[in-house]
Amino acid sequence: MKVSPMIASLLLSSTVAAAEFTDDVIEVAKLQGGLAVVIGCHDAQLAADLGTYGYVVQSLDDDGETVAEARQFFSSAGAHGQATASEFDGRRLPYVDNLVNLLVLRDAESEIPEAEMDRVLAPRGVLVCKFVSDNSSLEFHQVRDSFVYRKPVPDTIDDWPMHLY
């Protein structure tokens with residue numbers, strides 16, 4: 001199969017842009033591994049890249065075909081196991097409270113309520129997104145081209161690093 005120079009250039013610039021966004025996410029999150037969740041399986045490269053930084057990554061999407069494509073990508077990229085893809089209803093995240101260390105949302109059209117995203121984030125967990133609504137109830141800070149929310153640690157817990165101790 002022959003690829004035209006224009007398509008090759010577009011693919012390369014897309015890969016470079018994905019790598020730059022991954023670097024931005026890693027830099028602004030200031031975390032070292034844990035569970036990362038990427039909303040939207042159309043960004044499988046981001047999920048695979050996060051896996052190389054010590055995260056166990058799960059991509060979620062409400063479209064079964066997109067999930068299947070992401071799974072195929074992870075398998076062909078040698079990232080399957082470190083990065084996985086699952087289908088969900090598009091509104092409720094399939095995790096217990098305070099579990100996710102890094103939540104990445106690039107799509108402005110997400111129907112996931114902010115309260116739901118905050119529910120699954122662990123204390124000190126980070127939500128990185130490209131867009132924030134004007135009436136957001138979470139305290140976001142803009143860092144470069146992204147908006148970052150770090151879930152505060154409640155006064156009722158100490159610094160034990162284990163989940164549900």
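This section describes the overall make-up of a predicted model and then several of its elements and residues.

The chain has 165 residues, of which 40% are buried. Its secondary structure amounts to 4 helices and 7 strands, and from the N terminus the elements follow the order α-β-α-β-α-β-β-α-β-β-β. When contacts between residues at least 6 apart in sequence are considered, 58% of them link residues at least 24 apart.

The mean pLDDT of the chain is 83, and 84% of the residues reach at least 70. Confidence is highest in strand β3 (residues 83–87), at a mean of 96, and lowest in helix α1 (residues 5–29), at a mean of 54. Over residues 1–16 the pLDDT remains under 50, and the model shows 1 contact beyond four places in sequence for this stretch. Where pLDDT is low, predicted coordinates should not be read in detail.

Gly-33 has a relative accessibility of 14% and counts as buried, because the cut-off for burial is under 20%. Beyond its neighbours within four places in sequence, Gly-33 is in contact with Tyr-53, Gly-54, Tyr-55 and Asn-101. The C-alpha atoms of Gly-33 and Val-56 are 7.4 Å apart, although 23 residues separate the two in sequence.

Helix α2 (44–51) is one of the elements that cover the buried residues of α3. Of the 8 residues of α2, 7 are buried, so the helix is largely enclosed by the rest of the structure. These buried residues are Ala-44, Leu-46, Ala-47, Ala-48, Asp-49, Leu-50 and Gly-51.

Helix α3 (residues 64–76) comprises 13 residues and spans 18 Å from its first C-alpha to its last, close to the 18 Å expected at 1.5 Å a residue. Its buried residues are Thr-66, Val-67, Ala-70 and Phe-74. Viewed down the axis of α3, the buried residues fall within an arc of 100 degrees, so they line one face of the helix. An α-helix has 3.6 residues a turn, so residues three or four places apart point the same way. On the face of α3 turned away from the buried side are the exposed residues Glu-65, Glu-69, Gln-72 and Ser-76. The cover over the buried residues of α3 includes α2, β2 and β3. After α3 comes Gly-78, which has a positive phi near 75 degrees.

Strand β2 (residues 55–61) includes Gln-58. With a relative accessibility of 17%, Gln-58 counts as buried, because this value is under 20%. The side chain of Gln-58 forms a polar contact with the side chain of Tyr-95, at 2.5 Å. Residues up to four places away in sequence aside, Gln-58 touches Ala-36, Val-37, Val-38, Thr-84, Ser-86 and Tyr-95.

The structure contains 2 aromatic pairs. One of them joins Phe-73 and Phe-74 in an edge-to-face arrangement, with 6.2 Å from centre to centre and 70 degrees between the planes. Phe-73 is partly exposed, at a relative accessible area of 27%, whereas Phe-74 is buried, at 0%. The pair of Phe-140 and Tyr-149 is tilted, with 6.0 Å from centre to centre and 50 degrees between the planes. Both Phe-140 and Tyr-149 are buried.

Positive phi values also occur in residues other than glycine, including Arg-124 and Arg-144. Arg-124 has a phi near 75 degrees and is placed in strand β5 (residues 121–129). The relative accessibility of Arg-124 is 43%, and the residue counts as partly exposed. Arg-144 has a phi near 55 degrees and is located in the loop between β6 (141–143) and β7 (146–150). Arg-144 is likewise partly exposed, with a relative accessible area of 44%.

How values were computed:
Residues numbered from 1 in each chain as written. Predicted model: local features only at pLDDT ≥ 70, side-chain atom pairs only at ≥ 80, totals over all residues. Heavy atoms only, no water. Helix = DSSP H or I, 4+ residues; strand = E, 2+ residues; numbered from the N terminus. Buried < 20%, exposed > 50% of the residue type's maximum accessible area, 1.4 Å probe, protein only. Polar contact = N/O pair within 3.5 Å; in protein donor to acceptor, adjacent residues only side chain to side chain. Contact = heavy atoms within 4.5 Å. pLDDT = per-residue confidence, 0-100. Expected span 1.5 Å × (residues − 1). Arc of directions from axis to C-beta. Phe/Tyr/Trp six-rings, centres within 6.5 Å; stacked < 30°, edge-to-face > 60°.
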